[in-house]
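Biologist: I am new to this structure and would like to know what stands behind each term used for it. Please set every value beside its definition.

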Amino acid sequence: MSFGPPPSVYTQSTLAADQATRKRRRAWLWGALAVLVVVGLVATGLFLSFAGDDSAHADGRAAAVAQSPDAIRETVEKVPSSPEGQLAVEHDETDVSKSTETNPRYAPGTWATGKILARGVANRIVGLRIKPPYDETAWTLKLDGHICATSRHVTADGRTAVVIQPPHAKGSKQDGVCDQVVFFDLNTGKKLWQKKMPSPQLAYVTNTNLTLTKGVVAVAWGHGSVAYDMKDGRKLWDSATVSRCEDKGFAGGRALLALVACGEGTAATYEVQKLDPRTGKPRWTYKVASGVSAVYLPSSDPPVLAVGAGDSEATDLISLDAGGRRLATVSLSGYDPKCGTRYFSSAYFGVLENCDGLVVGRTQVYVMSKENISNDQPSDWIVAFDLKTGKSQGKFDGRNLQMIYPLRMSGDELLIYRRGAGVSAPAAVVSWNARTDKETPLLFFQLPEDDDAELSDPEQSDIVFEQGRVFFGKRELVRDDKYPKDSVLMAIGIGSAGLKH
């Protein structure tokens, strides 16, 4: 599968149009941001004094635990000195005149550190400096082919990986094959190593899954799998032999889980295995009930499965204990876990551990409801379920015309994005403690009006919160037929006015 040509150098007239587009957007954005902090606090019912203690949480919440450089990053956010949002980064993709809804320019992968916002687009990765003038490219990592798999995971010292699809002669057996793993540094854009996957003839953008766990990069494509040492790219193990049971994909993070499929098509049965990341040997195996046609792995530790009974959509959550034994089952009737929905109906760029409508914590799983269309009621809500019992332990309501989405854990608290509804109802990122039902505002802001709907939809854009800033990255870039020469907003980031660049 081809993802379109790389961007070409644009003309002076296009450059002028781009600058005009950015100027209009930024003028609107700054005007909206100017009134947000007061409006946001009034709307939340809070009149708080933000003391600006960046060393610890004022309410006694646990601070971040030091991690080794090759551990998977788990950032604990601090309450900012001010929740007023200010522009941190903005980037437009140029020369998208050939991009249409049926043939978009794909932009897979959004990662952030305290210094850089990195975005994958076509056959390169762009690192954007987080400071004025808001669109300064710090580095560009040119790849040997288009990106075909990414991971949301980042190491504690800011490294991650992608799988790419080098160009091959059309009609050859290698055409469209994803067979190269690239490991790189997000802060510098330096490629640390690149390795060719063993026997990847059947690895394509639709079936290749990539993940990271401590010290290990692992890839599976349904017909084989391989793991590499982060330090030097040395191959640790692989399973590229023909077998009735094959690795469909992995879930990383604190541990490494493998989804194993036995058989083909509707007759396939599934197992979930916890693997030793250094050897690939199973530590335990959980057999999924027959009749399940889809399995997702939103968390490796604690192990949680989202399964679809008779359909590709997730219908139930299953939590396991440390030995791989079932603890509880949660019905997803009335909920929208968004498993496998990235990139619309296309299974592009790895979807096994991406469930954008749920987040798993140490003891609870948080799931968003389906949209509520009743008037004068919350548009949706998030419910916390206990992983041991499956019972609900708290509910966070959205607002009328302002949907909410779970982002990730910050220590023992859930980070939530709340969509905006005009200047009178700004967008926000808040943290929520389900046990105390305490909500703490972290940011109030307004997104560009023309891009708000797409940026705020987790099925169309990555939403990443890291070190006091929220970033939005469109996954598909499509030109505007009304302004075909204009550039397209690819990413934007908002940070606290109290943060130093």
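**Values and cut-offs**

Modeller: K395 lies over the face of W381, 4.7 Å from the ring centre. The model is predicted, so local features need pLDDT of at least 70 and side-chain atom pairs count only at pLDDT 80 or more, while totals for chains, interfaces and linings use all residues. Residues are numbered from 1 along each chain as its sequence is written, and side-chain values use heavy atoms, with hydrogens and water left out.

Biologist: Why is K395 said to lie over the face of W381?

Modeller: A charge sits over a ring if NZ of Lys or CZ of Arg is within 6 Å of the ring centre and within 35 degrees of the ring normal. K395 is placed at 4.7 Å from the ring centre of W381 and is listed as lying over its face.

Biologist: What makes C148 and C178 a disulfide?

Modeller: The term is used for a pair of cysteine sulfur atoms within 2.5 Å. The S to S distance of C148 and C178 is 2.3 Å, so the pair meets the definition. C148 lies in strand 7 (residues 146-150) and C178 in the loop between strand 8 (159-165) and strand 9 (180-185), so the bond ties together parts that are 30 residues apart in sequence. Strands here are DSSP runs of E, at least two residues long, and helices are runs of H or I of at least four, numbered from the N terminus. Both C148 and C178 are buried, a word that means under 20% relative accessible area, with exposed meaning over 50% and partly exposed in between (1.4 Å probe, protein chains only).

Biologist: How many disulfides does a search of the whole structure find?

Modeller: The search finds 3 disulfides. With the bonded cysteines of the protein chain numbered in sequence order, the pairing is 1-2, 3-4, 5-6.

Biologist: Why is the disulfide of C245 and C262 called right-handed?

Modeller: The torsion about the S-S bond of C245 and C262 is about 115 degrees, so the disulfide is right-handed. It links C245 in strand 15 (residues 245-251) to C262 in strand 16 (residues 257-262), 17 residues apart. The S to S distance is 2.1 Å.

Biologist: Are C245 and C262 buried or partly exposed?

Modeller: C245 has a relative accessible area of 31% and is therefore partly exposed. C262, at 4% relative accessibility, counts as buried.

Biologist: What joins C339 and C355?

Modeller: C339 and C355 form a disulfide, with sulfur atoms 2.1 Å apart. The torsion about their S-S bond is about 115 degrees, so this disulfide is right-handed. Both C339 and C355 lie in the loop between strand 22 (326-331) and strand 23 (358-360), so the pair ties together parts 16 residues apart in sequence. C339 is buried, and so is C355.

Biologist: Why is the pair of Y366 and W432 called edge-to-face?

Modeller: Rings of Phe, Tyr and Trp (its six-membered ring) pair if their centres lie within 6.5 Å; planes under 30 degrees apart count as stacked, over 60 as edge-to-face and the rest as tilted. By this rule the count comes to 11 aromatic pairs. The rings of Y366 and W432 have centres 6.1 Å apart and planes at 75 degrees, so the pair is edge-to-face. Y366 lies in strand 24 (residues 364-368) and W432 in strand 29 (residues 427-433), so parts 66 residues apart in sequence are tied together. Y366 counts as buried at 2% relative accessibility, and W432 is buried at 0%.

Biologist: Which residues form one aromatic cluster?

Modeller: Y405, Y417, F445 and F472 form one aromatic cluster.

Biologist: How do you know that strand 13 and strand 14 pair?

Modeller: Two strands pair if DSSP finds at least two bridges between them. Strand 13 (residues 225-229) and strand 14 (residues 235-238) have 3 bridges, in the antiparallel sense. The bridge partner of V226 is D238 in strand 14. Strand 12 (residues 216-220) also pairs with strand 13 in the antiparallel sense, over 5 bridges.
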